[in-house]
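Dear colleague,

I am handing over the structure below, and after it you will find an account of what turned up in it. Please keep it open beside the text while you read.

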Amino acid sequence: MTQRRTQKTPPDEEAANDIDLVSAYLPYCDAMMIDKRTRLMLERGNYAANYRCRLFSRNTGDQFLDYLKSIEAEADPAIPALVRADVR
């Protein structure tokens, strides 16, 4: 019987930095755009389930844009108007 390995290589310095960043900010964010490897690790391990933070990566970019559009749609109309006026 062979043991199934979910991670082929041990975490490298980049992964350690990602874990540090996510662990520091996850409890305080509504959404995070992170790399795919970190997002999958968090979702598969169910690590982020206790937080309201939504996780996105480049390959879920359309979902991230939908999320941003939903924020704009739910916002007080004065807020997006102020943002648009400030950009011009």
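**What was found**

Of the 88 residues in the chain, 23% count as buried. Please bear in mind that this is a predicted model. The accessible surface of the chain comes to about 7,500 Å², and carbon and sulfur atoms hold 52% of that surface. The chain has four helices and two strands, and from the N terminus on these elements follow one another in the order α-β-α-β-α-α. Among the contacts with a separation of 6 or more, 25% are between residues 24 or more positions apart.

Let us begin with helix α1, which covers residues 13-25. At 1.5 Å a residue, its 13 residues should span 18 Å, and since its end C-alpha atoms are 19 Å apart, the two values agree. The buried residues of this helix are A15, D18 and V22. Seen down the axis of α1, these buried residues fall within an arc of 60°, so they line one face of the helix.

In helix α2, the buried residues are T38, R39, L40 and L42, and what covers them includes α1 and β2. After α2 comes N46, whose phi is positive, near 60°, although N46 is not a glycine. N46 is found in the loop between α2 and β2, and because its relative accessibility is 54%, where over 50% is needed, it counts as exposed.

What about the cysteines, and how many disulfides does the structure hold? The structure holds zero disulfides. C29 is in no disulfide, and the nearest cysteine sulfur, which belongs to C53, is 5.3 Å away. A disulfide is a covalent bond between the sulfur atoms of two cysteines. With a cut-off of 2.5 Å for a pair of cysteine sulfur atoms, the 5.3 Å from the sulfur of C53 to the closest one, in C29, is too far for a bond. C53 itself has a relative accessibility of 7%, and because buried means under 20%, C53 counts as buried.

The aromatic rings are the last topic, and the structure holds two aromatic pairs. In one of them, F56 and Y67 form a tilted pair, with 5.6 Å from centre to centre and 40° between the planes. This pair links distant parts of the chain, for F56 lies in strand β2 (residues 54-56) and Y67 lies in helix α3 (residues 61-74), eleven residues apart. Are F56 and Y67 buried or exposed? Both F56 and Y67 are buried. Ring pairs also bring in F64, so that F56, F64 and Y67 are linked into a cluster.

Conventions:
Residues numbered from 1 in each chain as written. Predicted model: local features only at pLDDT ≥ 70, side-chain atom pairs only at ≥ 80, totals over all residues. Heavy atoms only, no water. Buried < 20%, exposed > 50% of the residue type's maximum accessible area, 1.4 Å probe, protein only. Contact = heavy atoms within 4.5 Å. Areas by Shrake-Rupley, 256 points an atom, 1.4 Å probe, with all protein chains shown as cover. Expected span 1.5 Å × (residues − 1). Arc of directions from axis to C-beta. Phe/Tyr/Trp six-rings, centres within 6.5 Å; stacked < 30°, edge-to-face > 60°.
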